[in-house]
Amino acid sequence: MIKVLIVDDDFMVAKVHAGFIQRTPGFTVVGAAHTGAQALAETGRLQPDLVLLDIHLPDINGLDLMQRLRGVAPELDVLVISAAREVETVRKALRGGIVHYLIKPFSQTDLQERLEHYRNAYQSLDASKDVAEQSDVNRVFGLDRAERPLPKGCSIETLRLVEAALNAATGDVSAAEVAEELGTSRVSARRYLEYLHDEGTLDVRLKYGVGRPERRYALKA
């Protein structure tokens, strides 16, 4: 469960945000603070994973507070929620290493989308393994396959068929085997398989025999 501390000077707004968070699977609100001083004390006491941080606080600017919060909780992540729209403010927040910047007012869906991205990307990268694949890094920066162009001549529909063939396979497969199953050319099948390999989805091994070694593909364990 991801522990969240809400930092907002408005008591009612903080309560509304808490309701949004509690309705998002995988998250729990551990506390709320309404000044910078309270935020520092609660962060040190509760050690949350994530802070929803407003910029306009009565005793300190939220962006100045951010580094102090990390002083008492070094692994802390910060999602800024603010009515501040100035470009320089957003830039400063980004330079401070926030996970997202959400402009008020926003809906429950808006916040839940950011929280779900944080849970799926940042938390999985922290906990899953010692070495990150390029696909893991892409996910953190929002560059997943749905938002990135496929190689020239490829389609998302055919890519899904290739993925389905890989999932159905009992072991590794060659480009020729995938091509035969899908009714496409070996060159086309290999293009999709190499794309998935570059994304970090597939392992490749070489099978030696007569002539050139055959590249065989399998989903990563």
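**Helix packing and burial in the predicted model**

Helices α7 (residues 156–168) and α9 (residues 186–198) pack with their axes 10 Å apart and at an angle of about 75°. Here axes are lines fitted to C-alpha atoms, for helices over the stretch in contact, and angles run from 0 to 180 degrees between N-to-C directions. The two helices, α7 and α9, are therefore roughly perpendicular to each other; angles of 65 to 115 degrees count as such, under 35 as roughly parallel, over 145 as roughly antiparallel and the rest as oblique. On the α7 side, Thr158, Leu159, Val162, Glu163 and Leu166 meet Tyr192, Leu193, Tyr195 and Leu196 of α9, where contact means heavy atoms within 4.5 Å. The contact of α7 with α9 has seven nonpolar residues, one polar and one charged. In this classification Ala, Val, Leu, Ile, Met, Phe, Trp, Tyr, Cys and Pro count as nonpolar, Asp, Glu, Lys and Arg as charged, and the others, Gly among them, as polar.

The model is a predicted one, in which local features need pLDDT of at least 70 and side-chain atom pairs count only at pLDDT 80 or more, while totals for chains, interfaces and linings use all residues. Residues are numbered from 1 along each chain as its sequence is written, and side-chain values use heavy atoms, with hydrogens and water left out.

Leu63, Asp64 and Met66 of α3 make the contact with Thr89, Lys92 and Ala93 of α4. By class, the residues of this contact are three nonpolar, one polar and two charged.

Turning to burial, helix α1 (residues 11–22) holds Ala14, His17, Ala18, Phe20 and Ile21 as buried residues, buried meaning under 20% relative accessible area, exposed over 50% and partly exposed in between (1.4 Å probe, protein chains only). These residues cover an arc of only 160° around the axis, which puts them on the same side of α1; the arc is that of the directions from the helix axis to the C-beta atoms. Met12 and Lys15 are exposed on the face of α1 turned away from its buried side.

Ile2 lies in strand β1 (residues 2–7) and, at 6% relative accessibility, counts as buried. Over the protein chain, 40% of the 221 residues count as buried. The chain has nine helices and eight strands, taken as DSSP runs numbered from the N terminus (helices H or I, at least four residues; strands E, at least two).
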